[in-house]
There are 2 protein chains.
Amino acid sequence: MSEMIAERQRTYSFGGGRADGASGLRNLLGGKGANLAEMSLLGLPVPPGFTITTETCNHYYAAGRRMPEGLSEEAGKALEALETLTGKRFGDPSNPLLVSVRSGARASMPGMMDTVLNLGLGDASVEGLAARSGDRRFAWDSYRRFIQMYSHVVLGVSHDAFEHALEVYKDERDFRNDLDLGHEDWTEIVAQFQDIVLRRTGQPFPQDPRTQLWGAIEAVFRSWMNDRAIFYRKLHDIPESWGTAVTVQAMVFGNMGLKSATGVAFTRNPSTGENAIYGEFLINAQGEDVVAGLRTPNAISRAARAQLGGREPSMEEAMPVAFAELSAIAARLERHYRDMQDIEFTIEEGTLFMLQTRNGKRTTPAALRIAVDMVGEGLITRDEAILRIDAKALDQMLHPTISPNYKRDVLAIGLPASPGAAVGEVVFDPDEAATLAADGKAVILVRVDTAPEDIHGMHAARAIVTARGGMTSHAAVVARGMGRACVCGASGLRIDEAAGQFSIGGRVVRKGEIISVDGSTGQVLAGAAQLVQPELSGPFGALMGWADERRRLRVRANAETPADARMARDFGAEGIGLCRTEHMFFDHERVAFVREMILADSLADRNKALAKLLPVQRGDFEALFEIMGTRPVTIRLLDPPLHEFLPHGEKDIAAVAEATGLPASALMARAGELHESNPMLGHRGCRLGITFPEIYDMQARAIFEAAGAVAARTGFMPNVEIMIPLVSAKKELDILKANVSRVADECRVATGQEIPFSVGTMIELPRAALRAGDIALAAEFFSFGTNDLTQTTLGMSRDDARFLKIYADLGIYDKDPFQTLDQDGVGDLMRIALERGKAARPVLKTGICGEHGGDPATISFCEEIGLDYVSCSPFRVPIARLAAAQAAILREK
Amino acid sequence: MSEMIAERQRTYSFGGGRADGASGLRNLLGGKGANLAEMSLLGLPVPPGFTITTETCNHYYAAGRRMPEGLSEEAGKALEALETLTGKRFGDPSNPLLVSVRSGARASMPGMMDTVLNLGLGDASVEGLAARSGDRRFAWDSYRRFIQMYSHVVLGVSHDAFEHALEVYKDERDFRNDLDLGHEDWTEIVAQFQDIVLRRTGQPFPQDPRTQLWGAIEAVFRSWMNDRAIFYRKLHDIPESWGTAVTVQAMVFGNMGLKSATGVAFTRNPSTGENAIYGEFLINAQGEDVVAGLRTPNAISRAARAQLGGREPSMEEAMPVAFAELSAIAARLERHYRDMQDIEFTIEEGTLFMLQTRNGKRTTPAALRIAVDMVGEGLITRDEAILRIDAKALDQMLHPTISPNYKRDVLAIGLPASPGAAVGEVVFDPDEAATLAADGKAVILVRVDTAPEDIHGMHAARAIVTARGGMTSHAAVVARGMGRACVCGASGLRIDEAAGQFSIGGRVVRKGEIISVDGSTGQVLAGAAQLVQPELSGPFGALMGWADERRRLRVRANAETPADARMARDFGAEGIGLCRTEHMFFDHERVAFVREMILADSLADRNKALAKLLPVQRGDFEALFEIMGTRPVTIRLLDPPLHEFLPHGEKDIAAVAEATGLPASALMARAGELHESNPMLGHRGCRLGITFPEIYDMQARAIFEAAGAVAARTGFMPNVEIMIPLVSAKKELDILKANVSRVADECRVATGQEIPFSVGTMIELPRAALRAGDIALAAEFFSFGTNDLTQTTLGMSRDDARFLKIYADLGIYDKDPFQTLDQDGVGDLMRIALERGKAARPVLKTGICGEHGGDPATISFCEEIGLDYVSCSPFRVPIARLAAAQAAILREK
């Protein structure tokens with residue numbers, strides 16, 4: 001359908017096995033209108049109606065909230081056709097046509113816009129409805145509901161006035177609930193309601209159904225711009241320019257007695273993905289009643305009823321004919337749409353009507369099972385299956401979760417900073433966390449916030465809770481990297497470390513008490529929650545296998561510890577893309593050597609301290625190499641400024657001085673000397689390697705000695721990649737590469753073993769990206785360090801970007817640039833770097849490490865610009881594998 | 001001459017009115033060799049000789065320090081030609097040829113390489129010299145000097161051995177000095193020296209002149225790689241690949257009696273530029289004697305002698321014929337080389353010989369006068385005059401200097417961080433500095449280091465001295481910006497503020513005592529030095545006028561205060577390119593309002609504080625607009641993070657709390673809240689304007705109201721440019737531009753006055769440069785903030801880049817990127833920004849502000865990429881005007 005037609009034709013009728021529209025016209029008719037047309041075309045029992053296009057909504061706003069000319073005639077004709085099809089007439093006192101008027105945008109916006117039901121009722125036609133249904137109470141109750149809904153939505157009279165009148169009426173008569181009211185009562189209420197409308201608006205309640213309809217259509221258009229719709233659109237990136245359609249449809253009634261019912265069905269189980277119709281229904285009820293929760297709906301299938309232990313009969317038992325018809329339609333819809341459907345239906349006096357169908361929402365496990373099953377059934381292709389899974393949602397699959405049946409005792413709610421659930425005893429001190437964990441205890445580290453020197457405690461803990469900090473705070477970033485559950489910024493939390501307790505909302509939890517953490521919801525729970533372990537075989541395994549076949553991008557992990565490396569390998573990592581050697585130095589015993597090195601006044605003293613670090617560092621690398629086999633392992637030489645290893649503040653310094661025997665005054669003086677105004681932009685990265693070559697020399701020696709030892713022991717040669725951080729000029733790399741080569745030569749001479757290795761660089765400064773042509777002459781690989789590249793390109797410190805919330809509200813950046821790569825800015829630099837780098841060295845290997853490497857949108861960008869691999873935290877490896885496959889498939893399209 | 005010839009011909013003869021070479025062959029023959037050839041060609045009296053090329057030196061090193069084959073034959077022929085020309089023979093016992101062997105590189109490297117004089121003497125030829133000169137003592141003294149020099153330079157025998165033998169000889173005979181020794185003594189000494197050589201080297205001193213010559217030539221080549229030559233080359237960016245030439249030249253003797261002399265002359269006065277021959281000479285002396293300072297040389301002209309009050313007759317008086325000849329030659333050389341010449345000459349028994357000529361070094365005032373005079377004389381063009389002045393050196397002209405005759409009592413030496421000299425009383429506290437200055441006292445602020453809150457004190461002081469910090473420390477940068485003399489990092493300085501004194505090297509200086517500061521040398525002096533004020537008219541004015549006619553780039557100044565704006569205008573600034581409004585807030589009284597604003601909890605309270613700032617800010621702008629007339633004034637809205645306005649540390653906070661009445665606890669808490677890990681990358685610039693729009697609104701209002709008031713008062717409309725800092729996305733600019741326009745509308749409505757203005761942005765983040773196409777749609781001008789752009793592009797905090805010294809030593813960056821723009825990195829981003837920005841808005845106005853805007857190399861780059869203007873600190877405006885003209889002229893070439 002072309003835009004021309006869309007501009008000419010404003011109403012699209014459906015029903016009676018025919019339709020002007022079809023599901024392909026979703027943009028014009030909204031999701032609901034398009035699917036109703038499609039179901040009509042399929043010959044399914046759909047109450048007839050017509051849809052006014054989204055274009056009309058846009059014209060309405062473009063014209064300053066005026067309905068376009070000609071619409072009234074066009075809608076009038078559609079209405080006449082509807083009367084003909086139903087055999088009912090609008091306002092007919094004997095057999096009135098009643099309609100619903102609903103919104104319907106291109107994307108589902110549940111409950112955000114307005115709806116009017118039972119439209120067409122008036123003082124005359126209500127009697128016709130009473131006669132046709134044989135139920136006066138039903139008719140007058142419908143009428144009062146209509147007045148209330150219409151007055152609220154169209155006339156702007158608040159619900160309160162009506163509710164108040166109803167309450168007074170019931171109180172005066174001592175009625176408990178609505179079921180106590182008979183048709184006389186509703187007749188009286190209708191009169192009172194009409195009186196309210198007259199007093200509030202100065203006009204009687206409109207009796208002409210066409211006036212009613214006109215008002216309702218405009219009200220639906222208006223609701224496109226109400227506050228909650230605007231908010232919802234912003235939240236879900238829905239453009240205002242889409243507009244909403246309006247669907248006018250003949251009413252059917254599930255509340256016309258015991259042969260009537262209403263319900264919702266899924267063609268497969270949306271929780272588990274089981275291939276069996278699933279849903280709930282209520283006899284003698286309207287959709288509202290299900291939503292309102294006044295009555296408990298029953299399962300539709302016998303099997304589900306048996307499973308859930310319901311007492312009432314299922315639809316399969318109570319209405320076997322309708323059930324059979326529904327099952328057949330469900331199967332047909334699923335085949336037609338090639339996806340699991342979420343169906344709304346109504347049975348009016350034994351006749352089944354379909355009110356809506358759409359692709360059903362589902363849990364991630366269900367999504368996996370459905371996708372894999374449908375491939376098995378020949379319904380969809382493997383590529384389609386891969387595209388159907390939200391890669392980000394895989395996170396849920398990879399961590400333990402709290403059993404859905406467990407009753408939660410919520411102590412505190414913070415930000416869901418890192419997913420997964422954990423149970424353990426409360427500990428406040430990182431050192432104590434490490435000690436207890438070494439004894440096999442499960443601990444949860446609770447801190448005001450965390451700092452680099454807490455890393456060993458964070459690693460030892462099952463979960464981390466902080467009182468301060470956001471989604472990109474140190475705690476959050478590190479926890480995600482380690483795959484630890486984390487709740488950040490639990491702002492009511494008061495930690496009294498001296499007293500060994502924290503308090504929140506009047507409750508006190510002491511050190512050693514058991515708590516549970518749900519990092520996926522941000523909840524901190526009292527007591528030990530029941531955990532469910534992840535299931536990584538079955539559909540998950542099958543789908544990941546298909547993804548691996550389809551993707552071009554390699555996936556590596558950021559990992560330093562043997563535990564993380566093993567987990568990464570088990571999650572399918574094809575190598576280590578970033579081993580941050582500084583993380584290896586925060587260990588209790590080692591940090592003492594590091595501090596000794598920092599305090600050294602002479603090269604000789606520094607070398608003495610480095611000699612103590614050499615064997616432990618060598619041991620680290622041996623362990624990594626053994627685990628990773630022949631997979632590449634990219635080791636980044638020391639990166640952070642040295643002051644990060646020193647204690648800060650007098651108290652900390654005193655404690656360290658006592659613990660280590662290093663003089664407090666020296667620690668204090670050195671910390672003062674090393675202090676930096678902007679440590680992000682300070683004396684770190686390769687600048688350390690340039691100014692203290694002996695540090696990098698030690699690390700290089702440890703790498704070569706470890707590789708040699710592993711090769712001798714196992715017979716395979718590790719795949720060593722040495723990465724120089726924070727390079728901004730080729731000459732830095734020249735100097736450091738020469739040093740590494742010299743150490744390699746020394747090791748070869750000493751051992752007689754030749755260790756193959758490559759040397760590359762992080763591209764994490766704008767200058768490095770710009771000078772990539774030059775730098776590539778010296779670098780065998782580029783790894784984009786997009787964390788720092790984002791900070792420098794945007795001139796924005798991740799730790800200080802508290803204003804980003806306001807920026808997000810104002811839409812200044814499309815996404816949080818620290819979570820999803822800023823393609824326009826940072827991405828442009830990456831493109832420049834690739835172009836220049838590959839021109840100089842066509843075989844340059846390129847990858848990305850850092851937080852963005854596990855973000856699907858970023859991975860799609862990496863595919864587009866042709867990187868060789870992404871590297872991310874171990875828990876994100878499966879996400880990256882899937883996202884890479886999706887990106888490859890979409891790129892081919 | 002082509003490279004082919006250069007490779008074939010290794011020796012170039014000169015003398016007797018002929019020469020193989022010429023001044024154009026400087027690269028091949030070195031400066032000395034080329035000019036000797038040129039003088040020969042001019043027919044000037046040059047002792048004949050020959051030059052071995054720089055290529056030969058390179059061959060020598062390329063072959064592993066071996067003399068190239070064939071050289072010996074070629075040099076032998078040149079020697080024979082020399083013998084023919086002089087009528088003397090090498091080693092001839094009756095009339096020996098004696099030669100000097102000197103180095104000569106493309107660029108002058110005074111004293112860095114070796115020289116041998118009197119070569120050709122031996123036991124036989126010394127008698128020939130004695131006979132020819134009629135002076136045995138002279139001959140034997142020459143011989144012993146030759147042995148000593150040759151043995152040291154060629155044979156590696158240290159001077160000490162010879163000096164010791166001579167001392168012993170004199171002691172035994174009770175001789176006081178060398179003049180007491182007769183020819184018999186020198187004969188005896190020569191025997192002793194020869195004995196020393198035999199003992200030290202195992203070989204007798206070489207008697208064959210050819211062997212001597214060969215050794216001396218190789219020694220000169222070797223000296224190209226001695227430590228001091230290498231160091232000098234590094235210091236002056238002289239490539240190793242240039243090599244040195246060797247010139248072998250017949251000796252002439254200025255020490256052959258009272259009709260002989262030696263001297264140095266400048267064709268014009270190198271201190272003042274006066275057009276009169278100037279120089280010194282000594283009768284009966286060799287060049288060494290002048291250098292050694294054993295005798296005081298005399299003025300060559302009668303006028304100079306009269307001026308200096310010398311007692312001995314001038315050369316003009318003592319040797320009128322030679323003087324007349326010298327004067328004529330000097331005039332001819334100047335006309336020939338079209339520049340002031342520095343000439344070395346010798347008179348041997350009444351005959352004048354020219355030994356060297358080269359362009360003479362001169363002071364900046366002399367350079368200006370000479371250039372302008374030569375234009376007047378028709379010798380050079382205005383363009384040539386403009387190109388002859390080192391723009392950077394103009395700095396000397398613009399500040400007071402310490403009288404050259406003043407005897408300095410140096411207290412301390414630090415870094416020459418900001419040029420100029422000042423005298424004042426010592427003060428340690430910035431507030432006190434401001435108070436005393438307001439009373440008309442001249443003060444010098446002495447601090448350990450400075451911080452943004454000290455700015456009012458720095459501005460009030462005549463000069464600033466710090467104990468800590470480098471050339472790019474806060475104190476240095478701010479002082480240069482303000483044009484205050486500054487000495488930084490005077491590391492021996494111990495400041496005891498409590499005791500009101502500082503001490504250094506055992507000396508104590510109390511508060512209130514007078515000291516002097518020489519920011520051009522880094523010296524801090526005791527007492528009041530005698531100052532010389534700059535002279536800006538005369539040749540300076542003439543040359544600047546020519547420069548203004550030739551330059552395309554406009555030159556603006558960075559200025560906030562009326563004093564700076566006035567100075568900038570007087571120095572020729574064509575507008576203000578950067579008015580940093582935050583500097584206006586550090587004033588004592590105002591900072592209290594700023595702090596009140598920062599502490600405000602509500603918008604209402606913040607507005608109350610802003611209302612107090614509005615009138616003072618308006619006053620600031622009125623003053624600027626009045627001074628600048630219709631010249632453009634670019635006002636940058638508030639830029640630094642708010643915490644910069646708060647006191648830091650408990651002591652400061654308590655002091656501020658007491659002084660202002662603001663609660664200390666609130667100050668402390670707010671400072672804690674606002675603390676940032678990397679303030680450079682934090683909540684500053686337009687991020688403030690986005691999150692606290694009321695601050696920018698107040699500033700915009702102050703601007704429009706001020707412009708309106710000035711227009712009403714003076715009748716001319718100020719040229720207002722409003723600049724938004726730290727933009728990274730177009731939307732930031734959209735939002736803030738809309739706010740500014742709204743305020744403009746409000747002001748127009750209130751006053752009925754239409755104030756024309758433009759809105760532009762700093763380009764100081766890599767993302768802004770990359771998104772320039774987008775941003776230019778909203779910005780009417782770009783001003784490159786290269787300070788921050790350098791920090792973010794290189795990922796390097798200026799305050800923390802202590803490692804840059806090591807980087808400079810290793811040559812990692814060509815220049816200090818904070819002083820001269822990093823063209824390869826930052827410059828590349830500027831190119832990208834211009835290309836994209838101008839594609840989107842062809843009439844985009846572009847400029848640069850920040851430290852680089854006053855750096856000649858950067859200005860040349862700005863000319864090349866086509867910026868419209870540069871903006872720099874007021875004292876750099878003349879430098880920028882000249883550099884811009886030079887860039888324009890060179891670009892046309």
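This is a predicted model: local features need pLDDT of at least 70, side-chain atom pairs count only at pLDDT 80 or more; totals for chains, interfaces and linings use all residues.
**Cavity lining and the A–B interface**

User: How much space lies in the largest cavity?

Analyst: The count is three cavities of 30 Å³ or more. For the largest cavity, the space is about 60 Å³.

User: Now the interface: how large is the area buried between chain A and chain B?

Analyst: Contact involves 49 residues of chain A and 49 residues of chain B. Carbon and sulfur atoms give 55% of the buried area. That area is about 4100 Å².

User: Which three residues supply more than any other three of the area that chain A buries against chain B?

Analyst: Together, the three supply 15% of what chain A buries against chain B. They are A:N678, A:L681 and A:R767.

User: Which side chain does B:R836 meet in a salt bridge?

Analyst: Between chain A and chain B there are four salt bridges. In the one with B:R836, the N to O distance is 2.5 Å, and the cut-off for a salt bridge is within 4 Å. The elements on the side of chain A that touches chain B include α34 (826-840). The partner of B:R836 is A:D828.

Key:
Residues are numbered from 1 along each chain as its sequence is written. Chains are lettered from A and ligands numbered from 1 in the order in which they are written. Side-chain values use heavy atoms; hydrogens and water are left out. On a 1 Å grid over the protein atoms alone, a cavity is a set of points where a 1.4 Å probe fits but cannot get out, and a pocket is an open set with protein on both sides within 12 Å along at least five of seven lines; lining residues have an atom within 4 Å of a point. Grid points are joined across faces, edges and corners, and a volume is the space filled by probe spheres set on the points. Contact means heavy atoms within 4.5 Å. Buried area is the accessible area (1.4 Å probe) that two parts lose on being put together, summed over both. Helices (H or I, at least four residues) and strands (E, at least two) are DSSP runs, numbered from the N terminus.
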